[in-house]
Amino acid sequence: MTPYTLEQLSKTEVQQEADMFELVGVLVHSGTAETGHYYSYIRLPCENSQGENSIKWAEFNDTEVTEFDPNQIAEQCFGGVWEDSESRLRYPKPNSAYMLFYRRVTSSDAQPSTDGASLTKGTVSIPATPPLAAKIQEENHALTRRYCLYHHVHAHFTKSFTGMLKHFDSGVCSTDHQTEKEILQMSLQYVVFVAARVKGAADVEPLLQLVHKTTSVCSECTLFVLQWLINVDQANLTSDMLIGCPVPRARQSWAALISSMMSDLRRVDPESYGIDSMTFSLTDRAVRGDGVLYDAVNMLQSSVKYLGRSLRVWDEYFDLFAAIASLGLPEIKTLLCNGIFRDCLELICFDNVNVSLLGSSRNQETRAALRKTKRPPSYIMLTKFLFQMMLHLDLFGQPARNMHEQLANFDTQTNKYPVLVDERQVIMARFNGRLSFFGKLLEAVSQSDWSAQPWWPGELIKLIVSNAFADPALIHEIGTTLAADIKDYYPDAAGLPIQAGLAFCKACPAVGDIDAIFKAVSYSAQQMPDYVSLRRNSMGTIREPDYLGGECHLDFFQELSTARDVACSGMDDNGIPPHLASVIINVARWAPAILVFDSYATRQKVCLFLDKLIFDEYPHEFDENDDISVSLTQLRCEGVRRLMRNCNIVATQAQAKGCPNPWAEHVQKVMHECAKWINKLLSEESEEYAVFMEPGDEALLDIYDRAKYAIGHWRDEDSWDYGEGKPTPAKRYTLVDLS
Ligand SMILES: [Zn+2]
């Protein structure tokens, strides 16, 4: 640069010595103009072991400092393009030098720097100004603390210390409880501030269990822990744990600690808990029972409004409310007074415009989050909570206009509170001629939940239907709503509405309403072959695990035929449980459809069920002196005839639609059993069965003969994808000879 400097140009006669600079630092920016990250490469002055100067470079990248090979400077700092070795595609590099730092070599050699350190000699040591030194010390201290805090020895120490508590003085707490309280507080703080923030939060559960175990023998310790958990100052910590902690098991443990300690305190110290008869009344709002129960419910309710921030935590959160509600009537009253029941109704029906619900604005944030989300939260435990509450609510009696009336009208005979007018409106809201609350219940649970036990939406439906026993029109309306829902779903996704229908059938006292559900499930089953071929044509192939539909249909009929816990428990005219009679007489409506369903396992299960329902019973169970046995055999005969006819129809249709040959196996097996049954009726040796014969029976055997021929000519479909471990389509099913 020397020839161009102002000095040189103004005094051309003087030959100035050229200044030399060397690169000592590169500041790199990686990213785009809008966003990115800065880091540096810095030349370190240092001497090697022989005391000679050796040049080293280091990369300073946030808290990471690593050695850097200066030969890489051009590669790392110059920008340009890089080429992906696999795809051979070329991209502009995101990283390039943003600023370069040079040191003037010539003048610095002539004038050593004032602090005596030279970049080329020894290590740099810059005295920090006092505020900076303090800051550095503080940061180093924090780093050490953090290191120790999260060290596993700390967890071990906290656990053993807490565990030792019950061995002090042979487990007897000190009079002033000072030591106990300090240790318990230390454990709880450790859980919130450390254990819950470690990946996986594995220490949370054992530690909280330890806290519970240690305190369960002492009411004062129990009270201390509970008050700590719900104290206004700590309340945010409980919200943090229940809503903010990303680990489900940690959230569950925290919720379990609260509910189990509440249950403990309720037993050992009802006064502190707030339910002793002096301070608590089930019917008076003014007497709210100051105590842990009231404070806990109040504290928990106050964080309902934050639930929109984390939709995945709902199950643990509402399971805690359900646990509290299950403790007893004082809890039900306290929860009602805090409006949590209303909150839950509001959250289930958040998008129903027909529900001008409750007018409450306190859950706006959560409702807005629900409207926006593509992945709704799980409502299973919220449903469980509604169930626990509705056990003590008279849903269809005279509703109360306000909370005072609701409490005052507590019925000491039934132990139930009336619902409020607007709460009932939510449950009874209609949309397009259906009771939308029931549809909402199903939307709000995951498809895969249908076989869970207990299935809370089902339990809730049973409870509501049994509450409505005095109102046949309402029960009928619930039935038609559920039947319409069943028909609305695609058959492969009908598991939830069918489970809801099953729950309804168990609780419903009217045979006609049960029949409506029965027809809807049969209808859904009959759609399956069409639906499967539709899916096959559009997707080319179907994997069996996608098709749970068949199983849930079959499950419905199996459950219904054997259900014992049914409201409609009377016998029909022939002395047979009406559900069983219905499943047998209508067998042809549902069985053939599922028999040509695209799941080997489901088809197999249909055969096993039919064996139990009809074929195996014959003729051992038959007793001509027993009316029920006669009626049942009559029913089975009729079922067999219809089954024979419909199996043939369905098999013909399935074949015409191009269903593969192995699907015929189970249809044919069932027809074979039917033929055996009819042959038995016709045979001359068994005269006692002649009474069941009908004129057309012989012709049914002709159907079987024709079907055998047709099935024998069912074309192979080698291209069918069955997945692994299933019978190969190439293996043609061989007919069983009737003789
Ligand atoms: Zn104690």
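A residue is called buried here if 20 or more other C-beta atoms, placed from the backbone, lie within 10 Å of its own, exposed if 12 or fewer do, and partly exposed in between. The model is predicted, with local features needing pLDDT of at least 70 and side-chain atom pairs counting only at pLDDT 80 or more, while totals for chains, interfaces and linings use all residues. Numbering starts from 1 along each chain as its sequence is written.

H30 is mostly covered, with 14 of its 19 residues buried.

Next comes a helix pair. The axes of H7 (residues 204–215) and H10 (residues 248–268), lines fitted to C-alpha atoms over the stretch in contact, come within 9 Å and cross at roughly 10°, on a scale of 0 to 180 degrees between N-to-C directions. That makes H7 roughly parallel to H10 (angles under 35 degrees). On the H7 side, Val204, Glu205, Leu208, Val211 and His212 meet Arg249, Ala250, Ser253, Trp254, Leu257, Ser260 and Met261 of H10 (contact means C-beta atoms within 7 Å).

Then there is Cys77, in helix H2 (residues 73–77). Cys77 counts as partly exposed because it has 18 C-beta neighbours inside 10 Å. Leaving out residues up to four places away in sequence, Cys77 touches Val26, Val28, Ser96 and Ala97. His29 is 48 residues from Cys77 along the chain, yet their C-alpha atoms are separated by 8.9 Å.

Technical notes. Helices (H or I, at least four residues) and strands (E, at least two) are DSSP runs, numbered from the N terminus. Angles under 35 degrees count as roughly parallel, over 145 as roughly antiparallel, 65 to 115 as roughly perpendicular and the rest as oblique. Two residues are in contact if their C-beta atoms, placed from the backbone, lie within 7 Å.
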